[in-house]
Amino acid sequence: MSLLHGLSRRGANVVLAGRSSDTSIFSAIPLMRGFNPGPTWHAAKVIECGAAAVTLRSFPDAMFARVSNQHFIVEPLADEYYCTPQSVAAHTLYENADSYHLVEPLGVLDTSNCKYESVSDRAVKVTGSKFNLSEQYTVKLEGAELVGYQTIILAGIRDPAILEVIDDWIEGVTRASKIRISELFPDNNEISLVIRLYGKNGVLGDRELKDKFEGHEAALLFEITASTQATANAVAATVAHIGLHYPIEKWHGLISTLAFPYAPAEIPRGPAYQFNMNHVAIISDPLELRALFRMSIHEIG
Amino acid sequence: MARLGDITKLIRSKNAGPFMLTIDIMFVDRDSFELVKSSEAFSIGQISRLFNIHDTDLIVQFVESAMAIKISFPRQISSGGPGDTDVFGCQQYALLVDLEV
């Protein structure tokens with residue numbers, strides 16, 4: 001709606017905005033021109049993901065929508081792509097926890113009575129999209145905060161003897177590293193170390209069902225977080241060195257366990273953040289948005 | 001009984017916002033859709049156990065128009081937060097592919 005006010009009241013030709021509802025970018029102009037919000041919001045939902053609603057999308061491309069007050073028609077621009085009624089119907093599920101209802105600032109798009117039909121071998125017409133205007137105008141407010149600075153190390157292990165005892169070995173490296181970290185930084189309790197084992201549970205973490213590493217090669221990702229980049233880098237260098245020579249019972253003598261693809265092995269990742277606000281603000285008048293969001297007009301060229 | 005991966009044309013997961021995960025399962029035909037709708041292996045209890053979440057946090061929807069089942073639940077860690085292994089939630093459906101239904 002902020003976009004609409006900017007456009008309609010002040011005659012802006014281009015609007016640059018920060019984070020917004022993706023669908024609003026496409027629904028703003030039809031809504032401003034008085035189009036039926038049902039087909040408008042639904043068409044916007046389909047095309048905001050570009051060509052995602054085609055049957056098989058091998059690379060990003062655009063989607064074209066024609067919107068009327070009774071229906072909308074979507075058609076992909078790339079020659080080899082095509083939409084089917086099922087591919088478009090399925091798209092309302094994408095990135096949405098509710099299959100038939102999509103919540104937007106002005107209300108809720110209801111697709112439960114939609115009909116999807118082919119109008120050519122590549123275009124689909126959708127009827128029945130309804131938009132239920134909310135009594136209250138709502139705005140989602142999201143916030144993020146700095147967690148710290150990170151340094152990561154990527155390393156491979158191929159030795160079957162180490163892989164045979166990999167879980168205990170990782171635990172040993174973690175334990176030894178934490179002891180060393182507390183010796184080096186005795187008053188600092190903001191340093192964290194995580195070691196992920198790709199090949200076993202890097203993707204699913206503690207949801208993984210397979211509890212034993214089974215591959216012939218493992219990738220380890222070490223992640224160090226600290227309150228400054230310099231601390232994270234220093235800790236990472238220490239952890240890399242401890243890990244590199246951490247022993248297993250089988251091999252007698254100093255071993256070297258980690259295949260680093262890069263030198264230096266430690267890769268500073270920069271600041272890390274986490275979401276700290278997920279709030280729905282109720283606005284009694286869209287003009288209240290001026291207090292929340294700064295807006296300025298510039299003449300260019 | 002059938003392996004879910006063999007009777008579906010698509011199984012995928014993605015974030016629905018930074019705090020929710022949503023999984024879509026699209027079936028090859030109506031018979032497969034109906035088979036899973038009534039399958040024991042697809043009960044709320046089984047799904048909660050598989051994803052290690054509380055059954056009261058789980059939303060399961062049967063989407064007739066798309067011959068699909070949608071499962072949604074809150075992420076254990078918000079997107080990109082400390083300890084997150086999958087920022088966009090892209091690969092969290094993986095255990096469903098081999099599920100016997």
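**Rings, charge and sheet**

Reply: Start with two phenylalanines: Phe27(B) and Phe33(B) are both buried. This is a predicted model.

Me: What makes Phe27(B) and Phe33(B) count as buried?

Reply: Buried requires under 20% relative accessible area. Phe27(B) and Phe33(B) both fall in that class.

Me: Why is the pair of Phe27(B) and Phe33(B) called tilted?

Reply: The ring centres are 5.8 Å apart, and the limit for a pair is within 6.5 Å. The planes stand at 40 degrees. Stacked needs under 30 and edge-to-face over 60, so this pair is tilted.

Me: What makes Phe51(B) and Phe73(B) an aromatic pair?

Reply: Their centres lie 5.1 Å apart, again within 6.5 Å. With 40 degrees between the planes, this pair is tilted. Phe51(B) belongs to helix H2 and Phe73(B) to strand S4 of chain B, 22 residues apart. Both Phe51(B) and Phe73(B) are buried.

Me: Why is the charge of Lys250(A) said to sit over the ring of Trp251(A)?

Reply: The charged end is 5.1 Å from the ring centre. The cut-offs are within 6 Å of the centre and within 35 degrees of the ring normal. Lys250(A) is listed as sitting over the ring of Trp251(A).

Me: How do you know that S1(A) and S2 of chain A pair?

Reply: Pairing takes at least two bridges. S1(A) and S2 have five, in the antiparallel sense. Ala65(A) stands opposite Val74(A) in S2(A).

How values were computed
Residues numbered from 1 in each chain as written. Chains lettered and ligands numbered in written order. Predicted model: local features only at pLDDT ≥ 70, side-chain atom pairs only at ≥ 80, totals over all residues. Heavy atoms only, no water. Helix = DSSP H or I, 4+ residues; strand = E, 2+ residues; numbered from the N terminus. Phe/Tyr/Trp six-rings, centres within 6.5 Å; stacked < 30°, edge-to-face > 60°. Buried < 20%, exposed > 50% of the residue type's maximum accessible area, 1.4 Å probe, protein only.
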